[in-house]
Amino acid sequence: MIPVAIVLGFHTLLTKLITVYSSPMIVSGVRVTIGSVFFILLGNGLSIGVKQFINGLFNW
């Protein structure tokens, strides 16, 4: 739990510093991109079936 708290603490600080120089939309886009790449690599690729697609539509 301590490493998570440290990462989140640095993340909050860095986000505040970055938003001074760039748009919050750019920061959000970069965060989504990094998170997507991380989870695609973690999940061994992207697998989309009919069930996942319908579930994604309902959860959107």
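This is a predicted model: local features need pLDDT of at least 70, side-chain atom pairs count only at pLDDT 80 or more; totals for chains, interfaces and linings use all residues.
**Exercise 1.** Work out how many helices and strands the chain has, and whether it is spread out or compact.

*Solution.* Start by counting elements: you get three helices and zero strands. Reading from the N terminus, that gives the order α-α-α. Now take the radius of gyration, which is 16 Å; the globule rule gives 10 Å for 60 residues, so the chain is more spread out than a compact globule. For a box along the principal axes, the C-alpha atoms need roughly 40 × 30 × 20 Å.

**Exercise 2.** Check whether the end-to-end distance of helix H2 agrees with its number of residues.

*Solution.* H2 covers residues 24-42, which is 19 residues. The expected span is 1.5 Å times one less than that number, so it should come to 27 Å. The end C-alpha atoms sit 27 Å apart, and that agrees. Then look at what flanks the helix. Ser-23 caps the N-terminal end, with a side-chain oxygen 3.1 Å from the backbone nitrogen of Met-25. After H2 comes Asn-44, with a positive phi near 60°.

**Exercise 3.** Decide whether Ile-6 is buried, partly exposed or exposed, and find the surface patch that includes Ile-6.

*Solution.* First place the residue: Ile-6 is in helix H1, residues 2-21. Its relative accessible area is 44%. Buried means under 20% and exposed means over 50%, so Ile-6 counts as partly exposed. Finally, zoom out to the whole chain.

Notes. Residues are numbered from 1 along each chain as its sequence is written. Side-chain values use heavy atoms; hydrogens and water are left out. Helices (H or I, at least four residues) and strands (E, at least two) are DSSP runs, numbered from the N terminus. A polar contact is a pair of N or O atoms within 3.5 Å; within protein, one must be able to donate a hydrogen and the other to accept it, and residues adjacent in sequence count only if both atoms are side-chain atoms. The radius of gyration is taken over C-alpha atoms; the globule rule is 2.2 Å times the number of residues to the power 0.38. Buried means under 20% relative accessible area, exposed over 50%, partly exposed in between (1.4 Å probe, protein chains only).
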